[in-house]
Amino acid sequence: MNAPVQKLSAKSKPASRLRIGQLAALAGRSVHTIRWYEAQGLLPPVPRDGGGRRSYSQRHLNWLELMERLRRTGMSVADLRVYTSLAQQGGSTLAATRAMLLEHRERVLGRIAESQAALLLLDEKIAFYSVWITQGVRPKKARQA
């Protein structure tokens with residue numbers, strides 16, 4: 001499992017520009033994963049320093065956390081790309097960005113309801129077997145599944 005994203009400390013503020021290895025370590029992801037996110041268009045643009053090296057910031061660290069959380073809710077990589085693109089366009093896409101998240105939220109709520117129904121069935125089955133074990137006799141009524 002990925003480590004939680006850590007905020008840069010006040011101590012690290014002077015060095016708030018991060019190399020990819022530092023970002024990967026703070027984000028709990030591999031350098032390969034960071035590069036993949038960038039190649040997929042799932043990170044805000046990354047400026048380069050005078051030597052042409054990528055220079056990441058707290059913004060990129062926060063964005064990686066957001067992408068991970070959205071993935072955990074079941075958002076597809078294709079939708080993450082759309083979301084990232086919309087968010088980067090700013091004010092002109094606020095309504096579209098919000099609508100996209102509202103639609104995704106409804107899908108998440110549907111999956112939560114399905115999980116709650118499955119959990120209820122599990123609880124019923126556990127209770128059924130608990131009664132059987134305690135009483136030594138199979139209970140008459142059990143929800144069939």
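**Burial and overall make-up**

I started with burial: 26% of the 145 residues in the protein chain are buried, where buried means under 20% relative accessible area, exposed over 50% and partly exposed in between (1.4 Å probe, protein chains only). I am working with a predicted model, in which local features need pLDDT of at least 70 and side-chain atom pairs count only at pLDDT 80 or more, while totals for chains, interfaces and linings use all residues. Residues are numbered from 1 along each chain as its sequence is written, and side-chain values use heavy atoms, with hydrogens and water left out.

Next I looked up the secondary structure, and found five helices and zero strands in the protein chain. Helices (H or I, at least four residues) and strands (E, at least two) are DSSP runs, numbered from the N terminus. Read from the N terminus on, the order of elements is α-α-α-α-α.

I then turned to contacts, meaning heavy atoms within 4.5 Å. Of the contacts in the protein chain with a separation of 6 or more, 48% are between residues 24 or more positions apart.

**The core**

Which residues have the most contacts inside the largest nonpolar core? I noted Leu23, Ile34, Leu43, Tyr56, Leu64 and Met67, in a core of 22 residues. At least two residues of this core come from each of α1 (20-27), α2 (31-39), α3 (58-72) and α4 (77-89). For the record, a nonpolar core is a set of buried Ala, Val, Leu, Ile, Met, Phe, Trp, Tyr and Cys residues joined through side-chain atoms within 4.5 Å.

Leaving aside neighbours within four places in sequence, Met67 is in contact with Tyr37, Leu42, Leu80, Tyr83 and Thr84.

Is Thr93 buried or exposed? Thr93 sits in the loop between α4 and α5, and counts as buried because its relative accessibility is 8%. With residues up to four places away in sequence not counted, Thr93 touches Leu86 and Ala87.

I also checked the polar contacts of Thr93 (pairs of N or O atoms within 3.5 Å; within protein, one must be able to donate a hydrogen and the other to accept it, and residues adjacent in sequence count only if both atoms are side-chain atoms). A polar atom of the Thr93 side chain lies 2.5 Å from the backbone oxygen of Leu86, and the Thr93 side chain reaches the backbone oxygen of Gly90 at 3.0 Å. From Thr93 to Tyr83 I get 10.0 Å, C-alpha to C-alpha, for 10 residues in sequence.

Thr97 belongs to helix α5 (residues 94-135) and is buried too, at 11% relative accessibility. Beyond neighbours within four places in sequence, Thr97 is in contact with Tyr83, Leu86 and Ala87.

**Salt bridges**

How many salt bridges are there? I count eight, taking a salt bridge as a side-chain nitrogen of Lys or Arg within 4 Å of a carboxyl oxygen of Asp or Glu.

- Arg107 pairs with Asp79, with the closest N and O atoms 3.7 Å apart. Arg107 lies in helix α5 and Asp79 in helix α4, so this pair ties together parts that are 28 residues apart in sequence. Arg107 is partly exposed at 35%, and Asp79 is partly exposed at 26%.
- Arg69 pairs with Glu65 at 2.9 Å between the closest N and O atoms. Both lie in helix α3, four residues apart, about one turn of the helix. Arg69 is exposed, at 54% relative accessible area, whereas Glu65 is partly exposed at 22%.
- Arg53 pairs with Asp49, the closest N and O atoms being 3.1 Å apart. Arg53 is partly exposed at 47%, and Asp49 is partly exposed at 22%. I also found Arg19, Asp49 and Arg53 linked in a network of salt bridges.

**Surface**

The protein chain exposes about 9700 Å², with carbon and sulfur atoms supplying 58% of it; accessible areas come from the Shrake-Rupley method with a 1.4 Å probe, and for residues, only the protein chains shown count as cover.

Which residues make the nonpolar surface patch of about 300 Å²? I found Leu119, Leu122 and Ile126 there. Patches are made of residues with over 30% relative accessible area and no salt bridge; like charges are joined within 9 Å, and nonpolar side chains (Val, Leu, Ile, Met, Phe, Trp, Tyr) within 5 Å. Leu119 is in helix α5 and counts as partly exposed, at 46% relative accessibility.
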